[in-house]
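Hi there,

Here is the structure I promised to send over. Have a look at it first, and then read on for what I found in it.

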Amino acid sequence: MIRFTNVTKEYPRTGTALANVTLHVAKGEFVFFTGPSGAGKSTLLKLVYMEERPTHGEVRVGGTSSKSLARSDVAKLRRKLGIVFQDFRLLDDRDVYANIAFALEVIGAPRGAIPSKVGRLLERVGLASKAAARPRELSGGEQQRVAIARALVNDPFVLVADEPTGNLDDRAMRGIFQLLREINAAGTAVLMATHNLDLIRRSDYRTVEINRGQVVYDSKEMVAAVGGL
Amino acid sequence: MRLAFREALIAFSRAPLLSALSVTTIAFSLFALGLFGLVAVNIRRALERVEQRVEVRAFIADDASIDSVSGAMQALAAMPEVARVDYVSKDQALQRARRDLGEFSDVFEGEFLPASMEIRLRPGLKDQAQVKALVERVRAYSVVDDVRYGEEWVDKLYRVRDLAAITGLILGVAFAAVSVIIIGSTIRMAVLARSREISIMRLVGATDNFIRAPFLIEGFAKGVLGGALALVLTWVASQVVSRYLLETQFFEPSFAALGVMGGAVIGLLGSSLSVGRHLRRV
């Protein structure tokens, strides 16, 4: 479903961000990407939603290959993905409902279908009662829930979450993680970059550790290796 | 499309001062252009009037017979460039000179001014080359002693017209370029103010055209508003000049509409350059 083949990403100023990464994420899988700051986690996720293109190698997401990617293909690909960031990226001048409805309008959802879809999404993330609130009136955890609801407008087959709990207290973090687990349980793959080892330890999801642009640990391979012994 | 219009409207209402500023700047750029256009239109009109008065005067030799003069006049009147030919006798020439000189009229005594033929040209057949060609043909008649048509004056007139046309064109292009830069900058500010929205649009899969549309609408609307405001200002200016200085002619309606559309094109061009640059970066 998502396949990195010998992917290297170099930036003109900062040098190599990822070096010769080969990786496969299966349909519906939950994968943690961990590692120190600047290790290459965000770059790896950017390559998934094609914000960046590899300098060498190939990234395939669904049926889309980075090798034959036109600018208009990026928009098509993004309509199959959900993306969430540490800083939520909500529009502060609109209420919660409008933030989600905006995303639906942008992708050309039928006008009549928007209210009910927004209602369902807000219910799914547990914010049905906060539709009229402005983002600033919400806690960090609630804001991230709005961002996740917005990321789900496309009914994505994969949710890319770059440090989604980085700005949250422990309680909010657990709430968001639980929400991501539910989304994954419903069939959406989740790629989550995080520093939080506690979260990783508390679950048995696949963990990929990146350091200096290279995959230094992949729990799936370890399991395979152990199984092969 | 409906969303694009709504977003453009929101952009207007969210930054009314910035929007007003950009409309006003476009209006003033186009107003300056309009004023120059007005001057050009009126110079052209004045030139046309002067051109109507361009006439060729052929002085008749003293020894020319009446028959040969009348034959020459008939031949000249038959030329396609010529509207009419009038004979001015020595006596009439003297009377005219006296009338023109007013209080000094008594300095003339006796018929010492030559008789002449006044040749009026047809409207629309008055460009320099045609006038010169005609003069050469008139000069060829044996009854004609000399031909005058105010060649220096005519030459200068055409040079002024050419200069006005070239200056107008250069200034027009310069003002249009300045307007494109100004509207480009104001739209750029609007783009930066909405960079978060743009990044969200891109995240959820909006196409470039979709993102561009509200900005193009905004630029178009600003251009049209600026153009209309410039038109009103130019009209007021022409009324003021007509009332207190000299009578001026305003643009033809189709030309005025073209000016407003020019504003729209400038608006579209400025915003499209600006958004295009931003989209290439994100």
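**What turned up**

In chain B, helix H8 (residues 208–244) packs against helix H9 (residues 253–281) at an angle of about 150°, and their axes are 7 Å apart. H8(B) passes H9(B) in a right-handed crossing. The residues of that contact comprise 16 nonpolar, eleven polar and four charged.

Please keep in mind that this is a predicted model. For chain B the average pLDDT is 81, and 92% of the residues score at least 70. Among the elements of chain B, H8(B) has the highest mean pLDDT, at 90, while helix H1 (residues 2–14) of chain B has the lowest, at 74. For the complex, the predictor gives an ipTM of 0.83 and a pTM of 0.70.

Now to chain A, which has an open sheet of six strands. In what order do the strands come? The order is E6-E7-E8-E3-E9-E10, and the pairing is mixed. Strand E6 (81–85) and strand E10 (214–218) of chain A are the edge strands, each pairing on one side only. From one strand to the next, the twist averages 20°.

One pair within this sheet is worth a look on your screen. Strand E7 (residues 158–162) and strand E8 (residues 189–193) of chain A pair in the parallel sense, over five bridges. If you want a place to start, find A:Leu159, which stands opposite A:Val190 in E8(A).

Two helices of chain A lie across strands of the sheet. Helix H5 (residues 140–151) of chain A lies across E6 and E7 of chain A and runs at about 160° to E6(A). Helix H6 (residues 170–185) of chain A lies across strand E3 (30–34), E7 and E8 of chain A, at about 150° to E8(A).

Finally, the place where the chains meet: 14 residues of chain A are in contact with 13 residues of chain B. On the side of chain A that touches chain B, helix H2 (71–78) and helix H3 (96–106) of chain A each supply at least two residues. Which element gives the most to that side? H2(A) does, with four residues. In terms of residue type, this side of chain A divides into seven nonpolar, two polar and five charged residues.

Happy browsing, and do write back with any questions.

Best wishes

How values were computed:
Residues are numbered from 1 along each chain as its sequence is written. Chains are lettered from A and ligands numbered from 1 in the order in which they are written. This is a predicted model: local features need pLDDT of at least 70, side-chain atom pairs count only at pLDDT 80 or more; totals for chains, interfaces and linings use all residues. Two strands pair if DSSP finds at least two bridges between them. Axes are lines fitted to C-alpha atoms, for helices over the stretch in contact, and angles run from 0 to 180 degrees between N-to-C directions. Two residues are in contact if their C-beta atoms, placed from the backbone, lie within 7 Å. Ala, Val, Leu, Ile, Met, Phe, Trp, Tyr, Cys and Pro count as nonpolar, Asp, Glu, Lys and Arg as charged, and the others, Gly among them, as polar. A crossing is left-handed if the near helix is turned anticlockwise from the far one by less than a right angle, and right-handed if clockwise. pLDDT is the predictor's confidence in each residue, from 0 to 100.
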